[in-house]
Amino acid sequence: MIDEISVTELATCLPTGAKLVDVREPSEFVDGHVPTAQLIPLSSVLENMEKFRSTDKVYVICHSGARSMRACEFLHDAGITNVVNVAGGTSGWIALGNEVETGA
């Protein structure tokens with residue numbers, strides 16, 4: 001089972017230094033992303049699996065939560081079980097009026 005949190009819950013985790021990975025495409029990331037998010041497009045998760053390994057939780061976000069859930073499921077199946085899907089994704093983050101960064 002994949003752990004999942006809301007964008008509201010994510011907002012409370014980020015100030016504590018939580019790691020956030022955005023699995024959208026580079027053009028989407030540049031258009032607007034959650035501050036501190038690291039870009040690892042879904043298509044490159046396989047070759048970047050080590051970046052998800054941690055003793056701490058790694059939060060995974062996309063536009064709405066579907067791609068990030070696929071990434072979490074893939075990683076979980078590969079034995080990386082510390083990943084947490086962010087339901088609502090970046091669109092939910094923006095809809096709540098949270099800060100957004102643009103550019104790479």
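I began with a definition: buried means under 20% relative accessible area, exposed means over 50%, and partly exposed lies in between (1.4 Å probe, protein chains only).

I noted that this is a predicted model, where local features need pLDDT of at least 70, side-chain atom pairs count only at pLDDT 80 or more, and totals for chains, interfaces and linings use all residues. Residues are numbered from 1 along each chain as its sequence is written, and side-chain values use heavy atoms, with hydrogens and water left out.

**Entry 1: salt bridges**

I looked for salt bridges (a side-chain nitrogen of Lys or Arg within 4 Å of a carboxyl oxygen of Asp or Glu). I found three in the structure.

I took Arg-53 and Glu-50, whose closest N and O atoms are 2.8 Å apart. Arg-53 is partly exposed, because its relative accessible area is 40%. Glu-50 has 55%, so Glu-50 counts as exposed.

I turned to Arg-24, which forms a salt bridge with Asp-22 at 2.9 Å between the closest N and O atoms. Both Arg-24 and Asp-22 are buried.

Then I checked Glu-28 with Arg-67, again a salt bridge, with the closest N and O atoms 2.9 Å apart. This pair links distant parts of the chain: Glu-28 sits in helix H2 (residues 26-31), Arg-67 in helix H3 (residues 66-77), and 39 residues separate them. Helices (H or I, at least four residues) and strands (E, at least two) are DSSP runs, numbered from the N terminus. Glu-28 is partly exposed, because its relative accessibility is 24%.

**Entry 2: the sheet**

I traced an open sheet of five strands in the order S1-S5-S4-S2-S3, with parallel pairing. Which strands stand at the edges? They are S1 (3-6) and S3 (38-39); each has a single partner strand, so one side of each lacks a neighbour in the sheet. Two strands pair if DSSP finds at least two bridges between them.

I looked at S2 (residues 19-22) and S4 (residues 58-61), which run parallel and are joined by four bridges. Val-21 stands opposite Val-60 in S4.

**Entry 3: Asn-85**

I found Asn-85 in strand S5. Buried or exposed? Asn-85 is buried, because its relative accessible area is 0%.

I listed its contacts (heavy atoms within 4.5 Å). Leaving out residues up to four places away in sequence, Asn-85 touches several residues, including Ile-2, Val-60, Ser-68 and Cys-72.
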